[in-house]
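Dear colleague,

I am handing over the structure below, and after it you will find an account of what was found in it. Please read the account with the coordinates open beside you.

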Number of protein chains: 2
Amino acid sequence: MENRSFTYDVLKEIQNRWSPRAFDAQKEVSREDLMALMEAARYAPSCMNEQPWSYIVGQRGSTVFAGIEAALSDSNVEWAANASALMVILSKEQFSHNDRSNRWHLFDAGTSWGYLSLEAQKRGLITHAMGGFAADQIRTTFAVPNGVAVIAAVAIGYYGRREDLSEAMAAREKPSPRKPLDEMLFIPLED
Amino acid sequence: MENRSFTYDVLKEIQNRWSPRAFDAQKEVSREDLMALMEAARYAPSCMNEQPWSYIVGQRGSTVFAGIEAALSDSNVEWAANASALMVILSKEQFSHNDRSNRWHLFDAGTSWGYLSLEAQKRGLITHAMGGFAADQIRTTFAVPNGVAVIAAVAIGYYGRREDLSEAMAAREKPSPRKPLDEMLFIPLED
């Protein structure tokens, strides 16, 4: 796969996952698969087991899907409208047991999304997370209260045909590269 | 497994992972395994492909391990000192391409840690992330610059014997429960 090379044999879901844009507008994602993604997200670890994350999820054709789609940036809606489902990742900013600020809530929500993304890959689904959307509009549309962060949108579905993308999008339709492995380490491993 | 039940057949690494404290103080984790964890972390998705995360990693007996251990809270050092490796998760707060604040850096670092934790599980390693440590001390010990967040510490190693834990820790040595599956959804799925 272009831009991907592995020195170590890591989980095949990690090796094969990337963030495509060529979704198949004909395919539907099942309720069963979507709930399995919620189950995967559910079992992520979190600070004090707070589980700060929650998800807005809508299948294509639903009012929830339309509400998320309407908040996407133009460059995202162009391809993400073909996804079988759209999702928004939310996270509670305070600990439930004492109402104090939870400085790990975004980190923990990211872990939960990580689990979800690999479970999707296992099920043959593609996922693409997006920062390009109007978070305030999501907050209004879905009555997300203050104290709950609107973090990211995600397109979920099945791979379609690269040829159906616009020329600009087709040119970007490949896995992104990564920094060299050694740069993962802030300090080199001691011998 | 106590406190864990799955309606959906998610990745077995997700089903089997939890955060134990009974590390085996006799076992060593190989360099190969630690680098494979870095490889798993490396291929997480991130906003603008920034890859804001990096890791401080030390095997037991190394000066890096000692430096992390010295910063752990008393209640964590009691059991985490037996880990085969200790890690600290860092994250760059600004985008590299324009030096502007990256509001997804903690979220993306969490995704990276999620991938790492499942790869560890696949390799028979146990992991336990900790918020209880002196982040400022880590910053000083390892010269972590301003603009790089010190997020969490992680103990990595092999399962030992629950009987070797203190009575207080042994009583807590079981998987934590989760909210009901339906509570993952901010809004119920439409029919």
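The largest nonpolar core has 115 residues, and those with the most contacts inside it are Ala41(A), Met87(A), Ile89(A), Ala41(B), Met87(B) and Ile89(B). A nonpolar core here is a set of buried Ala, Val, Leu, Ile, Met, Phe, Trp, Tyr and Cys residues joined through C-beta atoms within 7 Å. A residue is called buried if 20 or more other C-beta atoms lie within 10 Å of its own, exposed if 12 or fewer do, and partly exposed in between, with the C-beta atoms placed from the backbone. Once its neighbours within four places in sequence are left aside, Met87(A) is in contact with Tyr55(A), Ile56(A), Val57(A), Ala153(A), Val154(A) and Ile156(A), where contact requires that the C-beta atoms of two residues, placed from the backbone, lie within 7 Å.

Please keep in mind that this is a predicted model, in which local features need pLDDT of at least 70 and side-chain atom pairs count only at pLDDT 80 or more, while totals for chains, interfaces and linings use all residues. Residues are numbered from 1 along each chain as its sequence is written, and chains are lettered from A and ligands numbered from 1 in the order in which they are written.

Turning to chain A as a whole, its secondary structure comes to 7 helices and 4 strands, which follow the pattern α-α-β-α-α-β-α-β-α-β-α along the sequence; helices (H or I, at least four residues) and strands (E, at least two) are DSSP runs numbered from the N terminus. The radius of gyration of chain A is 18 Å, close to the 16 Å that the globule rule gives for 191 residues, so chain A is as compact as a globular protein of that length. That radius is taken over C-alpha atoms, and the globule rule is 2.2 Å times the number of residues to the power 0.38. The C-alpha trace of chain A spans about 55 × 55 × 30 Å along its principal axes, and buried residues make up 47% of the 191 residues in the chain. Of the contacts in chain A between residues at least 6 apart in sequence, 80% join residues at least 24 apart.

In chain B, 7 of the 7 residues of β1(B) are buried, and 7 bridges join β1(B) to β2(B), residues 85-92, in an antiparallel arrangement, with Trp53(B) opposite Ser91(B).

As for how the chains meet, 59 residues of chain B are in contact with 59 residues of chain A. The side of chain B that touches chain A draws two or more residues from each of α2 (31-42), β1 (53-59), α3 (63-69), α5 (105-122) and β4 (148-157) of chain B, and its largest share, 12 residues, comes from α5(B). By class, this side has 37 nonpolar, 13 polar and 9 charged residues, where Ala, Val, Leu, Ile, Met, Phe, Trp, Tyr, Cys and Pro count as nonpolar, Asp, Glu, Lys and Arg as charged, and the others, Gly among them, as polar.

Chain B can be laid on chain A with an RMSD of 0.0 Å by a turn of 180° and a shift of 0.0 Å along the axis. The two copies are thus related as by a two-fold rotation axis, the superposition being by least squares on the C-alpha atoms of residues with pLDDT of at least 70 in both. Moreover, 100% of the interface residues of chain B are also interface residues in chain A, so the copies meet through the same surface.

Finally, a backbone detail may interest you: Asp99(A), in the loop between β2 (85-92) and α5 (105-122) of chain A, has a phi near 60°, a positive value in a residue other than glycine. Asp99(A) is exposed, with 9 other C-beta atoms within 10 Å.

With kind regards

Notes. Pairing = 2+ DSSP bridges.
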